[in-house]
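The model is shown first.

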Amino acid sequence: MRLLPLKDPERSWRHIKAQWKKDAEGVGEDIATFGGIGAFEALTAREGDSQGLYHLTDGERVHAVCQVRRLLMSRYSAPALSARFVNVSPIYDLGVADTGDYAQMLVALFSGVVWLSRDALSANHIRFLLKSPGDSQFFAALKAVTPFSPFSKFTIDGALIECSLKEATAAAPSKVAS
């Protein structure tokens, strides 16, 4: 799965909402009952492209949407990425997909934000607001300090993940024996 920007947020959101409406109706639910849908709808209606709306897709369906913004925050000396307003496809909220699939999707979404911090939205710090504090269980292993971890700091408080990335180091030139 890849985390990609919504190129035309209003039009793209209509497509995503139609897909999710069909998913919800497939199990007898009304898409209007999902609280986060209204908030995301308001974000897509804003003028301009500065709102940083992204969708997690496998190429065939959209699994999640969120807002990712690069911000200057007083607690950090460099820009931070803030990921919030996470909405997931009704297949996750309504139990069509199992808990393992839900965990994989959330981890893929978080990984996409980390990738953005290393690429298009360069930032050393990430604030990722999960849907609920219960979702933090899927990220607990990332708190472990290991040599291969990309994080110099990783904390979870309630539904908020805050992490700092290790500085990327340039590979030292290898010496060739003569």
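## Largest pocket

The largest pocket has a volume of about 170 Å³, taken as the space filled by probe spheres set on grid points joined across faces, edges and corners. Its lining counts 14 residues, and Ser12, His15, Ile16, His55 and Val62 are the closest to the centre. A pocket is an open set of points on a 1 Å grid over the protein atoms alone, where a 1.4 Å probe fits, with protein on both sides within 12 Å along at least five of seven lines; lining residues have an atom within 4 Å of a point.

Helix H1 (9–25) gives the most to this lining, with 5 residues.

## Basis of the model

This is a predicted model, in which local features need pLDDT of at least 70, side-chain atom pairs count only at pLDDT 80 or more, and totals for chains, interfaces and linings use all residues. Residues are numbered from 1 along each chain as its sequence is written, and side-chain values use heavy atoms, with hydrogens and water left out.

## Ser82

Beyond four places in sequence, Ser82 touches Gln67, Val68, Arg69, Leu71 and Arg127, with contact meaning heavy atoms within 4.5 Å.

Conventions: Helices (H or I, at least four residues) and strands (E, at least two) are DSSP runs, numbered from the N terminus.
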